[in-house]
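The sequence and structure come first, followed by the description.

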Amino acid sequence: MKPKINMIAAMLLFGSIGLFVRNIDLSSSQVALVRGVVGSMTLLAVSMMGRKKFSFSAIRANLLLLIASGAAIGFNWIFLFESYKYTTISIATLSYYFAPVFVLFLSPFLLKERLSVQKIICSAAAVAGMFLIMNVAEGNAGSDPMRGIGYGLAAAALYASVILMNKFMKGMSGMETTLVQLIMASLVLLPYVLVTEKIAWTSLGGRSLVFVLTVGILHTGIGYYLYFSSMQKLSGQTVAALSYIDPVSAIAMSTLFLGETMSLLQLAGGVMILGATFFSDRQKSLRSERKTK
């Protein structure tokens, strides 16, 4: 029971991150940098307390992929946080959740996976759902909702690239991979922020400081630890099912705490996107579990 509770807690943390990012008086790239630094330090500390062992030979063997995927994670955060600024958390989250659909599109070419009829149907349903999401209602959809959706889709594309790159990594656990990727994201974002922005962290208010540290410590370091430690003890099908708590809770919390709403067409689009990815993930999990029996 404890692994399921930990997984649910991780999903609720991931689902609530938009509420905190909205209240941080820093640029998206600066928030991403702090998240990477604080998150990697927290995850490292928690892993060391749990006496997790790391394979430095495996890290060296996968170094180029780790650098590339770490950079993709960092800029994925920037685009996602920008999406929160221009549209509602609900629409940004659903746009971001298009990442598995990008993976579905690319996996036959990059991973040589068979393009089944079910994958084609799921992909078509998700694309149709995205068009419904783009049917933006006036008044409560953000300052520039189409721009927000664009940033969300850019974040999704980057995250899809991380998922695909992780498929090619050898000899590393999920937690080990994520820790190194967070460190790499921080190392890539630091010069980017220094070159492109004027840093004014000394004028950061107490509330913003608390929120940005919460995003780094709780939503990133502890959230990823809960996710990967529980994932090792749960079936793939259970992990796939529980992962949908993330977008559903994000939509629910944005409605409850921020008063955001979605039109019926957008809700239908969200159901189509999440439903398509759910059925695709479910079939993958079932196939993989059959192979292990």
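T220 lies in helix α10. The model is a predicted one. With a relative accessibility of 0%, under the 20% cut-off, T220 counts as buried. Beyond its neighbours within four places in sequence, T220 is in contact with R35, G39, L182 and V215. T220 and I17 are 203 residues apart in sequence, yet their C-alpha atoms are 9.3 Å apart in space.

T178 is part of helix α9, which covers residues 174-196. Its relative accessibility is 9%, so T178 is also classed as buried. Leaving out neighbours within four places in sequence, T178 is in contact with L43, Y224 and F228. The C-alpha atoms of T178 and I73 are separated by 9.8 Å, while the two residues are 105 residues apart along the chain.

**Helix pairs**

| Helix pair | Axis distance | Crossing angle | Handedness |
|---|---|---|---|
| α1 (residues 2-21) and α10 (residues 206-231) | within 8 Å | roughly 155° | left-handed |
| α4 (residues 63-86) and α8 (residues 145-167) | within 8 Å | roughly 160° | left-handed |
| α2 (residues 28-49) and α4 | 8 Å | about 130° | right-handed |

The axes of α1 and α10 cross at roughly 155°. An angle over 145 degrees counts as roughly antiparallel, so α1 is roughly antiparallel to α10. On the α1 side the contact includes P3, N6, M7, F14, I17, F20 and V21, and on the α10 side it includes F211, T214, H219, Y224, Y227 and M231. By class, this contact has 17 nonpolar, 6 polar and no charged residues.

For α4 and α8 the crossing angle is roughly 160°. These two helices are therefore roughly antiparallel to each other. Among the α4 residues that meet α8 are L65, I73, F75, N76, F79, E82 and Y86; the α8 residues they meet include P145, R147, Y151, L158, Y159 and M165. The contact of α4 with α8 divides into 16 nonpolar, 6 polar and 2 charged residues.

Helix α4 also packs against α2, at an angle of about 130°. That angle makes α2 oblique to α4. S28, S29, V31, A32, R35 and G36 of α2 make this contact with G74, W77, I78, F81, E82 and K85 of α4. The residues here divide into 5 nonpolar, 4 polar and 3 charged. R35 of α2 takes part in this contact and is also in contact with T220.

**Nonpolar cores**

The largest nonpolar core has 71 residues, and those with the most contacts inside it are F81, Y84, F98, I133 and Y227. Apart from this core lies another, of 7 residues, including I59, M169, V180 and M184.

Note on methods: Residues are numbered from 1 along each chain as its sequence is written. This is a predicted model: local features need pLDDT of at least 70, side-chain atom pairs count only at pLDDT 80 or more; totals for chains, interfaces and linings use all residues. Side-chain values use heavy atoms; hydrogens and water are left out. A nonpolar core is a set of buried Ala, Val, Leu, Ile, Met, Phe, Trp, Tyr and Cys residues joined through side-chain atoms within 4.5 Å. Buried means under 20% relative accessible area, exposed over 50%, partly exposed in between (1.4 Å probe, protein chains only). Axes are lines fitted to C-alpha atoms, for helices over the stretch in contact, and angles run from 0 to 180 degrees between N-to-C directions. Helices (H or I, at least four residues) and strands (E, at least two) are DSSP runs, numbered from the N terminus. Angles under 35 degrees count as roughly parallel, over 145 as roughly antiparallel, 65 to 115 as roughly perpendicular and the rest as oblique. A crossing is left-handed if the near helix is turned anticlockwise from the far one by less than a right angle, and right-handed if clockwise. Contact means heavy atoms within 4.5 Å. Ala, Val, Leu, Ile, Met, Phe, Trp, Tyr, Cys and Pro count as nonpolar, Asp, Glu, Lys and Arg as charged, and the others, Gly among them, as polar.
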